[in-house]
Amino acid sequence: MLDGLSTAGLATGCLHGVPWYVAHLGSQLVSALADPDLPLTSGLADALERVAKMHSECDLSNPGTPSATVAILRYGQGVLDHLVLADSPIVFGAAQGYSVITDLRVDDVLPEMKAEVERHETHTEGHREALQRFVLAQRQVRNTPDGYWVAAASPEAAEHSLTGTTPIGKVHAAAVMSDGVSRLVTEYKMATWPEVFATLQTGGPRSLIDTVRKVEATDPTGRRWPRYKSGDDATVAFCQW
């Protein structure tokens, strides 16, 4: 799961853009992780390095260089290996409940500026200007020890991922999703994880995404749920056994 970071209309120093970056990082990740014995962090670092070489003519030192969250779930030899970098979560369903693996270090950065964005309704000039100021400030601490980490131009970011291994027998289902979906539970509080998994089991990812969009349509300008945009990118990969 890769979720490109919004540029808020600001320059990135890249000639290609975020969609190009995400597409190429995804293909390079698949290639790197074709080796089942390669650690996920090594595969991500390798993919980041390859993509950087693919657009070396761009200003990769720009703090706004195209970037993305990463969430990887890999099955092999009776275990599930996971890697999470930034706020696209992996959720495991087990007999004893649900566990969420996510990286929310970004939430600890510049809380006052985040609150200023959320004071404005979406689609207003005040919201746009506050969001741009916030994103500019975030870029100064992105991929630094004092800030938070995402996939961008440097392979170093891979070493700051959250990783782990879960025996396949301890869980019965897993969902990998962008935060545009997980906010149905975490921010909107309009569903629980058991309800999310029930929807995925009966209607699949499309049904869950439709639910998210219906909830957001009741609050198009962010009065009830202040946010950066009316609806964020929403993607889900679901598996059960």
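Leu80 is buried in this predicted model, with a relative accessibility of 4%. Its place is in strand S3. Leu80 and Gly164 lie 84 residues apart in sequence, yet their C-alpha atoms are 8.3 Å apart in space. The protein as a whole has six helices and eight strands.

**Leu80 and its surroundings**

- The cut-off for buried is under 20% relative accessible area, so Leu80, at 4%, counts as buried.
- Neighbours within four places in sequence are left aside in the contact list of Leu80, which includes Leu73, Arg74, Tyr75 and Phe92.
- Leu80 also contacts Gly164, Thr165, Thr166, Ile168, Val171 and Trp241.

**Overall form**

- From the N terminus, the elements run β-α-α-β-β-β-β-α-α-β-β-α-α-β.
- The C-alpha trace spans about 50 × 45 × 30 Å along the principal axes.
- Why does the radius of gyration agree with a compact globule? A compact globule of 241 residues would have a value near 18 Å, and the protein has 18 Å.
- Of the 241 residues, 47% are buried.
- Among contacts with a separation of 6 or more, 69% join residues 24 or more positions apart.
- The protein exposes about 11,300 Å², and carbon and sulfur atoms supply 54% of that area.

**Nonpolar cores**

- In soluble globular proteins, nonpolar side chains tend to be buried together.
- The largest nonpolar core here has 22 residues.
- Tyr21, Leu25, Leu29, Leu44, Val70 and Leu85 have the most contacts inside this core.
- Helix H1 (18–32), helix H2 (40–54), strand S2 (68–76) and strand S3 (79–85) each supply at least two residues of the core.
- A second, separate core has 20 residues, including Leu184, Val185, Val215 and Ala234.
- Which residues does Leu29 touch, not counting residues up to four places away in sequence? They are Leu2, Gly43, Leu44, Ala47, Val70 and Ile72.

- Strands of a sheet pair through backbone hydrogen bonds, either parallel or antiparallel.
- Strand S4 (residues 90–94) and strand S7 (residues 173–177) run antiparallel and are joined by four bridges.
- Ile90 stands opposite Val176 in S7.

**A buried glutamine**

- Where is Gln138 found? Helix H4 (residues 125–141) holds Gln138.
- Is Gln138 buried or exposed? Gln138 counts as buried, because its relative accessibility is 10% and the cut-off is under 20%.
- Gln138 touches Val106, Leu110 and Tyr148, not counting residues up to four places away in sequence.

Note on methods: Residues are numbered from 1 along each chain as its sequence is written. This is a predicted model: local features need pLDDT of at least 70, side-chain atom pairs count only at pLDDT 80 or more; totals for chains, interfaces and linings use all residues. Side-chain values use heavy atoms; hydrogens and water are left out. A nonpolar core is a set of buried Ala, Val, Leu, Ile, Met, Phe, Trp, Tyr and Cys residues joined through side-chain atoms within 4.5 Å. Buried means under 20% relative accessible area, exposed over 50%, partly exposed in between (1.4 Å probe, protein chains only). Contact means heavy atoms within 4.5 Å. Two strands pair if DSSP finds at least two bridges between them. The radius of gyration is taken over C-alpha atoms; the globule rule is 2.2 Å times the number of residues to the power 0.38. Accessible areas come from the Shrake-Rupley method with a 1.4 Å probe; for residues, only the protein chains shown count as cover.
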